[in-house]
Amino acid sequence: MSVKIRLARRGRRKMAMYDVVVADARAPRDGRFIEKIGTYNPNTDPASININNERALQWLLNGAQPTDTVKAMLSYRGVMLKKHLQIGVVKGAITQEQADAKFEAWLKEKETKIQSKVDSIGKAKDEARQKALEAEAAKNQARLDAIKAREEEAKAAAEAAAAAEAPAEEFAEESAPEASAEGDEAPQA
């Protein structure tokens, strides 16, 4: 019986999540499994990988074969390195203390890389949000300026119309007495 460490899909459509399971190679993808050893969520950035490292290492040492995707995840988590170091200890190439020291050094470096990526992603999101707010403020200011300009144009047009009406009224008042004077003279003739 061949045992595989593979992914079993779950979750809704287009929002898949996966369980990392140990299963018989003949079992269907989402069917029977021997043990669930973790989860994988590719929807987050960076992807969330939660695996019980000790159980995964135990299954690997017992001969379980990981699929390509699971092997990449186990490498990311350091399980494959730990297996490699443990085989070196069994063969007598290194001591257990040396293997543990190498693994701890690798683990610290990996955590630093992951944290820097998370920080850079958060910083990029903050910068994008700040740029969007600045662009929105500039757009709002442009709208306010356009509205102010239209109001000033309307006010200037109203003043020009009022100024044009004022001389016309004065002209009408001046011509009205003349017309009445002419009107008075006309009946006498």
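The structure is a predicted model, in which local features need pLDDT of at least 70, side-chain atom pairs count only at pLDDT 80 or more, and totals for chains, interfaces and linings use all residues. Residues are numbered from 1 along each chain as its sequence is written, and side-chain values use heavy atoms, with hydrogens and water left out.

**Overall fold**
- The chain contains four helices and five strands, where helices (H or I, at least four residues) and strands (E, at least two) are DSSP runs numbered from the N terminus.
- Read from the N terminus, the order of the elements is β-β-β-β-α-β-α-α-α.
- Of the 189 residues of the chain, 21% are buried (buried means under 20% relative accessible area, exposed over 50%, partly exposed in between, with a 1.4 Å probe and protein chains only).

**Helix 3**
- Helix 3, residues 79-91, has 13 residues and reaches 18 Å from its first C-alpha to its last, close to the expected 18 Å (1.5 Å times one less than the number of residues).
- Val79, Met80, Leu85 and Gly88 of helix 3 are buried.

**The largest pocket**
- The largest pocket has a volume of about 310 Å³; on a 1 Å grid over the protein atoms alone, a pocket is an open set of points where a 1.4 Å probe fits, with protein on both sides within 12 Å along at least five of seven lines. The volume is the space filled by probe spheres set on the points, which are joined across faces, edges and corners.
- Its lining (residues with an atom within 4 Å of a point) comprises 16 residues, with Ile49, Tyr76, Arg77, Leu107 and Ile114 nearest the centre of the pocket.
- Helix 4 supplies the largest share of this lining, five residues.
- Eight lining residues are nonpolar, three polar and five charged (Ala, Val, Leu, Ile, Met, Phe, Trp, Tyr, Cys and Pro count as nonpolar, Asp, Glu, Lys and Arg as charged, and the others, Gly among them, as polar).

**Contacts of phenylalanine 103**
- There are two aromatic pairs, meaning rings of Phe, Tyr and Trp (its six-membered ring) with centres within 6.5 Å; planes under 30 degrees apart count as stacked, over 60 as edge-to-face and the rest as tilted.
- The rings of phenylalanine 103 and tryptophan 106 are stacked, because their centres lie 6.1 Å apart and their planes at 25°.
- Phenylalanine 103 is buried at 9% relative accessibility, whereas tryptophan 106 is partly exposed at 23%.
- Lysine 82 lies over the face of phenylalanine 103, 4.9 Å from the ring centre (NZ of Lys or CZ of Arg must be within 6 Å of the ring centre and within 35 degrees of the ring normal).
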